[in-house]
Amino acid sequence: MQKNNLYKGSLSTIVLKLLNDKGRMYGYQITREVEKITSGDLVITEGALYPTLHKLEAKGLLSVEIQKVNNRPRKYYFLTEKGKKETVNLLIEMKTFIQNMDILLNPKLT
Amino acid sequence: MSRTVTPEETEELFKVCKNNAVEYYDVQIELVDHLASLIEEQWKNEPELDFQLALKNAIKKFGTYSFTRIKLQKEKELRRKYNRLLWKFVLEFYRWPKLITTFVFTLGLFLLFQFVEQTVWLVLSYTIAILLGILIYQYLIYPKFRLKVVPWKSFLLVDYLKKTRNNVVILLQLPNIAFQIFNFTNTESVQNQWLLFGISFLIVTLSVLLYGLFFFIPQKVKEHFMGNYAEFAK
C-alpha cells in the first residue's frame, strides 16, 4: 500500500498513457492492464480510478462511448485531440521528473 | 466460453448500486460493468461459484465507500465540466470576431446612459427585463426544449439541468440588489464616464452569461445525453 502512494499523483498520466497506447478502454480493463504490466506491483483501486477518469473527461481530455457487451452497457474511454496533446506533454514532464529523481537518488560523487 | 452475468443478474447489480446511494443510471452503468467483470473474473477459475457469493466478493473488493465517493466526485466533475463550457462560451464574446458585437452593444449602452439622466432607472429597467425574461423562459420557452426522459430511470445529467434551472431563483433578487446599491451610495445619476462604461460592460457580460446559462448549456447537456442515452429520451 505504501508503494502505491508513490503512484497517486501519477494516476492521470498512467491512464492517459494506457489510452494512448490501446486506443479505447473501459474501467475494469484499465485496472487489470496496470496490474498486468507492473506484474501486480501496482493495484489501482476503483475508488481512485473512476474519479480520475471523470476528472479527465470533465477537462475534455477523454471522451466516452457506450456499447452493449454481455447484455450490459459498457462505457469506453478514449483520448480526445486535446487529450492526445496533453498526454505528450505529461509524458515529457514525467520523464524529466524520473531523470531528476534518479539524479537525486544516485548523486555522482566527485 | 466462460460464464457471463445474465440480464437478470445485471438488474440485480443495478439494484446494488441503488442501495449504495448511486441512483443515477449514467453513473451506475460503469459500476455495474465493473462489478460484473469482477464476478466473471471469479467464474473463470470457479465456474460453479454462486452468483450471490461472487457478488459478495466483488463488493468486498470494490469497497462500499467507493460507491459514494465515485458518485460525489462525478457530480463535482459534471458541474466543473459545464462551468468550464459556460466560461469558455462567455470568453468567446471577448475574442475576435464576436468581440465586435460585444463592443457595439457595450458602446450602445454607454451612449444610452448619456441620454438618460437617471442611471438608476435604466439599471432597474434592465433587471426587471431580466425578471420578465426568466418568467417567459420558465413557462414558455423551457417546456418546449427541455430534456424529456423515461420516468423509470434517473440521470445525473437531467438532474444537473434541473438544479441549474432552479438556481436562477437567485436572480429574482437582482432588482432589489441593484436598488439597494443605488440607495446605499445615495446616487441616482452616475456622472463618471469610466463608471458608466463599467456598468455597460457588466450589463452586457451578464446578458451573455444568462444567454449561455439558459440556452447554450441546456443545448450542450441535451447533445451529451442524446449522444449516449438516446434510447431513454421521450
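**Close-up views of a predicted two-chain model**

**View 1. Helices α2(A) and α4(A) are roughly perpendicular (65 to 115 degrees) to each other, because their axes cross at roughly 75°.** Here α2 covers residues 11-22 and α4 residues 46-58 of chain A, and the axes come within 10 Å. Axes are lines fitted to C-alpha atoms over the stretch in contact, with angles running from 0 to 180 degrees between N-to-C directions. Helices are DSSP runs (H or I, at least four residues) and strands are E runs of at least two, numbered from the N terminus. On the α2(A) side, look for A:Leu11, A:Ser12, A:Val15 and A:Leu16 in contact (heavy atoms within 4.5 Å); α4(A) contributes residues including A:Leu49, A:Leu53 and A:Leu56.

**View 2. Chain A meets chain B through 25 residues of chain A and 29 of chain B.** The buried area (accessible area, 1.4 Å probe, lost on being put together, summed over both parts) is about 2500 Å². Carbon and sulfur atoms give 52% of that area. A:Tyr28, A:Glu46 and A:Arg72 supply 27% of what chain A buries here, more than any other three residues.

**View 3. A:Arg32 and B:Glu41 join their side chains in a salt bridge of 3.4 Å, N to O.** Between the two chains the count is 7 salt bridges (a side-chain nitrogen of Lys or Arg within 4 Å of a carboxyl oxygen of Asp or Glu). On the side of chain A that touches chain B, α4(A) gives the largest share, 9 residues.

**Notes.** Residues are numbered from 1 along each chain as its sequence is written, and chains are lettered from A and ligands numbered from 1 in the order written. In this predicted model, local features need pLDDT of at least 70, side-chain atom pairs count only at pLDDT 80 or more, and totals for chains, interfaces and linings use all residues, while side-chain values use heavy atoms, leaving out hydrogens and water.

Notes. Parallel < 35°, antiparallel > 145°, perpendicular 65-115°, else oblique. Buried area = accessible area lost by both parts, 1.4 Å probe.
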